[in-house]
Amino acid sequence: MSGVQTFEITMSRPAASADGWVQKLSITILVLTLYYILMGVPGEDLSALSDTSQTDKVSAYNSYVWLGLLAMSMPVLIRRWRDVRQLVLSNVLLLMLLGYFALSITWALDPSASARRFMFTIVQFLLFATLLCGMRRAPVMHVAIAAICSLAAVADLVFWVINPGVAMADDGFAGLQGQKNQAGLLMMYGILAAVPCIFLLRQWVWRIGLAGSTAIMLLMLFATRSSTSTSVIAMDLVLVPALLVIVKLPKRVMWLIGLSLLLGIATAGLGYLAWTEFVGRDPLLPLRGATFTQRTDIWSFVVEEIQKRPLLGAGYSSFWSIDPTVQPSLKSDQWFAVDVVINEAHNGYLDALATGGIFGLIGSVAVLFRCIGIACRAIAGTRTAASSWREGGLARPTAAFHLSLTLGLVLHNFTESNLFSNNALLAAALMLAMLDLEKWHITERARALL
């Protein structure tokens, strides 16, 4: 109990009484990390910089940059060692999942690639845990994310004006990212961060500026023609405000609403099946012929591979872009093995099943939904923005940001793959959200014990 109390005292201590150099160094490293994830190294392929799944394209700088960032954070880790240790060890479910990923290296199709990618995940995990423990003003992280995304969006806009022929690809706006889906991810993440951050800022001039950059990101999101990222924003615009109201209701009412929604969905589904049976119509007719931009070909192939190793999978991140002699897709003659380089199943749940088997999929989904549950509780129990700036602790707008992100990932992973893969932006975003919410969770448990 004493350890929990110590964590509670240090984590809730106002920034003014904390070591100033720890706070400043943590913020500096966080900004550098976010810049690298979002912008990369000039002249390099941005999608390859932090995406270690693309072994055929990975920048030589990537490993050195991440290890360098971790090395820079060592003074913070030493100073905040107890807090970092408690934050890491409190993520029991995540640690169990990471332990399973580590174990899967022993049966991976490409153990060398699997081990490298697992170490990348551990470096990222430890780096973010250290930086979060080094920052006493909790809103700083949220503001940094919104600011970096806004600057990246402005840079994309300027590039679009200066060189429209390069910025606008045939299939949509690509900007400095060089690929429309990467640009869509950036705009989606920026919007999710910026909208609640407007309520976190204290001065109207900054609020107006952030609102303007949000409008720019929304415009460019539409220009990317990224249907998945646009769908996430549309879903969150409806779902998150509704949840903000629901989580304030008594628990019995929340359960009643949740059960009613599930019952309504089940009734609608069964009603549709009954109607198609009555009129003699194929229930899958609306989906017949749909390829989801040729994703169905990849999905069919991955399902066949899953059936070969359903329990344990192919090993952590050991399915795409691995040793060509063992990579499953390169042994087929389908278009994604010949015409283009494909490094994901374009479905996070299928990729989790293909690499981690049924245990990896269940563990990944469990960690994600636990994060969503903590975010819902955090919205009901976090501080106001003014109180968070003054006293530290998670602010309600930041909790709403984490909720919108994690809910968005549930939808996003139906047509893209970023569920505990090494997809640069969203893997880092999920890791930050999980650790920040766990930090709040530890503090709340400590308060309950006092």
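Visitor: Which residues have the most contacts inside the largest nonpolar core?

Guide: This is a predicted model. Its largest nonpolar core has 119 residues. W66, F128, I145, V302 and F420 have the most contacts inside it. Helix α17, residues 348-381, gives the most to this core, with 15 residues.

Visitor: What makes a set of residues a nonpolar core?

Guide: The residues must be buried, must be of nonpolar kinds such as Val, Phe or Trp, and must be joined through side-chain atoms within 4.5 Å. In soluble globular proteins, nonpolar side chains tend to be buried together.

Visitor: What does V302 touch, leaving aside its neighbours within four places in sequence?

Guide: V302 is in contact with F319, W320, A345, L350 and A354.

Visitor: Where is A345 found?

Guide: A345 sits in the loop between α16 and α17. The C-alpha atoms of A345 and V302 are 6.9 Å apart, although 43 residues separate the two in sequence. Beyond four places in sequence, A345 also touches I298, W299, W320, L350 and D351.

Visitor: Why is A345 called buried?

Guide: Its relative accessible area is 0%. The cut-off is under 20%, so a residue at such a value is buried. A345 therefore counts as buried.

Visitor: What about H346: where does it lie, and what is its phi?

Guide: H346 is in the loop between α16 and α17. Phi is near 55 degrees, a positive value in a residue other than glycine.

Visitor: How do you know whether H346 is buried or exposed?

Guide: Buried means under 20%, exposed over 50%. H346 has 15% relative accessibility, so it counts as buried.

Visitor: Which other residue has a positive phi although it is not a glycine?

Guide: R225, at about 60 degrees. R225 is found in the loop between α12, residues 204-224, and α13, residues 227-246.

Visitor: Why does G313 count as buried?

Guide: Its relative accessibility is 6%. The limit is 20%, so G313 falls under it and is buried. G313 lies in the loop between α15 (295-306) and α16 (335-338).

Visitor: What is in contact with G313, leaving aside its neighbours within four places in sequence?

Guide: W107, L353, A354, T355, G356 and G357. Contact here means heavy atoms within 4.5 Å. As for A352, its C-alpha is 8.4 Å from that of G313, and the two are 39 residues apart along the chain.

Visitor: Why is α19 called largely enclosed?

Guide: Because 15 of its 17 residues are buried. T406, found in α19, is buried at a relative accessible area of 0%. Beyond four places in sequence, T406 is in contact with L368, C371, I372 and L430.

Visitor: What are the length and cover of helix α11?

Guide: Helix α11, residues 180-198, has 19 residues. It reaches 27 Å from its first C-alpha to its last, close to the 27 Å expected. Of the 19, 17 are buried, and α11 is mostly covered.

Visitor: What makes Q179 a cap for α11?

Guide: A side-chain oxygen of Q179 lies 2.7 Å from the backbone nitrogen of N181. The limit for a polar contact is 3.5 Å, so a pair at that distance qualifies. The cap is at the N-terminal end of α11.

Visitor: What does the side chain of T443 reach?

Guide: The backbone oxygen of K439, at 3.1 Å. T443 is in helix α20, residues 424-449. At 8% relative accessibility, T443 counts as buried.

Visitor: How many disulfides are there?

Guide: The count is 0. Take C376: the nearest cysteine sulfur, that of C371, is 10.0 Å away. A disulfide needs sulfur atoms within 2.5 Å, so C376 is in none. Another cysteine, C133, is buried, with a relative accessible area of 0%.

Visitor: What does the protein chain come to as a whole?

Guide: It has 20 helices and 2 strands. Of its 450 residues, 52% count as buried. The accessible surface is about 20400 Å², and 69% of that belongs to carbon and sulfur atoms. Among contacts between residues at least 6 apart in sequence, 76% join residues at least 24 apart.

Technical notes. Residues numbered from 1 in each chain as written. Predicted model: local features only at pLDDT ≥ 70, side-chain atom pairs only at ≥ 80, totals over all residues. Heavy atoms only, no water. Helix = DSSP H or I, 4+ residues; strand = E, 2+ residues; numbered from the N terminus. Expected span 1.5 Å × (residues − 1). Buried < 20%, exposed > 50% of the residue type's maximum accessible area, 1.4 Å probe, protein only. Polar contact = N/O pair within 3.5 Å; in protein donor to acceptor, adjacent residues only side chain to side chain. Areas by Shrake-Rupley, 256 points an atom, 1.4 Å probe, with all protein chains shown as cover.
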